[in-house]
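Open the model in your viewer and keep the selection tool ready.

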Amino acid sequence: MADNFLLVASQVGTLFLMMAVGYTLTKAGKFSRETLSQVTFLLLYVVVPCLMIDTLQMPRSPRLMKVMGLCMALSLGLYLLSALLACLFFHRQGPDTRTVLRYGAMYGNIGFMGLPLIQAVLGEEGMVFAIVGQVAFTLFAWSHGVLLMGGKEGFSVKKMFLNPGIIGSAAGVGLFLLDLRLPSVLADGASFLGSMNTPLAMVVIGAQMAGADLGATFRNPRLYLAALLKLIGLPLVTALVLLPLGLEPVMYTTLVILAATPTAGYTSIFAQQYRRDAGTAAQLVTLTTLCCILTLPCFAVLAGMWSGA
């Protein structure tokens, strides 16, 4: 157990070292807000879709399709459960702050934090389930998440389906279902671009954290309940709900780790777009990202133990 904890902690520590690069460059004035926006665009519209396509370039089989379908159904069900649980909290906050805290408590940073960690800890087998989890996140975040943050007037079916996560997923899943392989030139290009996800994502998170007031973040008491729900409450519920189902150890561990990821960056983006409490959103993203260095290894080890991995 101690060895597994140290292994996961070392992987999380490596990710934080890469975050430190983005943080330091931003504080030194070498990484501007415009640069951050451009790198984020590169990640969302090129790197992550290429990672999805590359991961799903594998032989199709009835067993694999069955477990991927099960993973998708479970992921969507877990988001529904998370949404219901989040509604039980933050009633004393104003509507703009309450909305941000509920969103931040249920949506994790799967693309920038979950995928790199799964890739480092569980390898390609875990990445298949992580990509399915990413698709479920995208569907829920651009439907329920937009309705939560922006109301009915902010919801768009077009945006729900025409966003980089869904487009990359559709390309990867389409090639997988048709059992088609990309030509080596395209496959190698997608592979190389997809491999940029981990370092670039960590640099972006570090740069985002550099713009936050860390002192004010830790002095804001209303953040701690949301952080507790995101980093401990929901992943623990996920682990307990999935435990009786007898899932494959890698699938079980992947879903628990994804549930334990810190608050998604979409929280800040949507808060700004729909004029919610953007300050609280940025602080919650920062707080949960810093605290997850302790909680993520714990849940990764717990999931491994309970699944018998």
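Is M305 buried, partly exposed or exposed? M305 is partly exposed, because its relative accessible area is 45%, and that class lies between buried (under 20%) and exposed (over 50%), using a 1.4 Å probe and protein chains only.

Before moving on: this is a predicted model, in which local features need pLDDT of at least 70, side-chain atom pairs count only at pLDDT 80 or more, and totals for chains, interfaces and linings use all residues. Residues are numbered from 1 along each chain as its sequence is written, and side-chain values use heavy atoms, leaving out hydrogens and water.

Stop 1: M305 sits in helix α14. Helices here are DSSP runs of H or I, at least four residues, numbered from the N terminus. Show α11 (222–242) and α14 (278–307); each supplies at least two residues of the patch.

**Stop 2: α13.** Select residues 266–273. Y266, T267, S268, F270 and A271 are buried in this helix. Step just past α13 to R275, where phi is positive, about 60°.

**Stop 3: S75.** Go to α3 (residues 62–86), which holds S75. S75 is buried, with a relative accessible area of 4%. Its side chain reaches the backbone oxygen of C71 at 2.8 Å. Beyond its neighbours within four places in sequence, S75 is in contact (heavy atoms within 4.5 Å) with G133, A136 and L255.

Definitions and conventions: Polar contact = N/O pair within 3.5 Å; in protein donor to acceptor, adjacent residues only side chain to side chain.
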